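Visitor: I am new to this kind of picture and would like to learn how to read a few of its features. Could you take me through them one at a time?

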Amino acid sequence: MKTEKIRKHIIFHGRVQGVGFRYFATYKARQLGLTGWVRNRYDGTVEMEVQGTETDIRELIAFMNSQRWILIEDMETEPMDVIQESDFDEKW
């Protein structure tokens with residue numbers, strides 16, 4: 001796997017609101033040293049921008065899929081330009 005930093009914009013569909021998605025995403029992203037943000041959208045999806053290595057981003061998504069109440073049914077993913085930032089935050 002590549003170790004260079006990448007950034008992705010992801011929209012998660014499924015049972016992703018009201019199940020701790022943002023909390024678990026923030027916890028695990030910080031643990032993995034990823035940066036970016038996560039927020040609920042009004043249409044019931046969750047939006048995320050995440051930056052780090054491909055391996056760590058995949059680990060974050062696998063962790064999210066392993067959570068008991070979360071069910072990711074689909075993801076819309078787009079690559080983005082890497083930016084300078086230092087933390088992963090939950091947006092409102």
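Visitor: Is F24 buried, partly exposed or exposed, and why does that word apply?

Guide: Bear in mind throughout that this is a predicted model. The idea is to look at the relative accessible area, where under 20% counts as buried and over 50% as exposed, with partly exposed in between. F24 has a relative accessible area of 25%, so F24 is partly exposed.

Visitor: With which ring in helix α2 does F24 pair?

Guide: When two aromatic rings pair, one looks at the distance between their centres and at the angle between their planes, and an angle over 60 degrees counts as edge-to-face. F24 pairs with F63 in this edge-to-face way, at 6.3 Å centre to centre and with 65 degrees between the planes. This pair joins distant parts of the chain, since F24 belongs to helix α1 (residues 21-32) and F63 to helix α2 (residues 54-66), 39 residues apart.

Visitor: Why is F63 called buried?

Guide: The relative accessible area of F63 is 19%, and because buried means under 20%, F63 falls into that class. Y23, by contrast, is exposed, with 53%.

Visitor: Which residues do the ring pairs link into a cluster?

Guide: The cluster consists of Y23, F24, Y27 and F63, linked by ring pairs. The count of aromatic pairs comes to 4, and one of them is the edge-to-face pair of Y23 and F24, with 5.4 Å centre to centre and 75 degrees between the planes.

Visitor: Which charged ends sit over the rings of F63 and W37?

Guide: Here one looks for the charged end of a side chain placed over the face of a ring. The charged end of K28 sits over the ring of F63, 5.0 Å from its centre, while that of K91 sits over the ring of W37, 4.2 Å from its centre.

Visitor: What surrounds E49, and is E49 buried or exposed?

Guide: E49 lies in strand β3 and is buried, because its relative accessible area is 14%. Leaving aside residues up to four places away in sequence, E49 touches several residues, among them T35, W37, M80 and F88. The side chain of E49 also makes a polar contact with the side chain of R7, at 2.8 Å.

Visitor: How do the strands pair with β1?

Guide: To read strand pairing, follow the bridges and note the sense in which the strands run. Strand β1 (residues 6-15) pairs with β3 (residues 46-52) in the antiparallel sense over 7 bridges, and I6 has G52 as its bridge partner there. β1 also pairs with β4 (residues 71-80), again antiparallel, over 9 bridges, where the bridge partner of F12 is M75.

Methods: Residues are numbered from 1 along each chain as its sequence is written. This is a predicted model: local features need pLDDT of at least 70, side-chain atom pairs count only at pLDDT 80 or more; totals for chains, interfaces and linings use all residues. Side-chain values use heavy atoms; hydrogens and water are left out. Two strands pair if DSSP finds at least two bridges between them. Helices (H or I, at least four residues) and strands (E, at least two) are DSSP runs, numbered from the N terminus. Rings of Phe, Tyr and Trp (its six-membered ring) pair if their centres lie within 6.5 Å; planes under 30 degrees apart count as stacked, over 60 as edge-to-face and the rest as tilted. Buried means under 20% relative accessible area, exposed over 50%, partly exposed in between (1.4 Å probe, protein chains only). A charge sits over a ring if NZ of Lys or CZ of Arg is within 6 Å of the ring centre and within 35 degrees of the ring normal. A polar contact is a pair of N or O atoms within 3.5 Å; within protein, one must be able to donate a hydrogen and the other to accept it, and residues adjacent in sequence count only if both atoms are side-chain atoms. Contact means heavy atoms within 4.5 Å.
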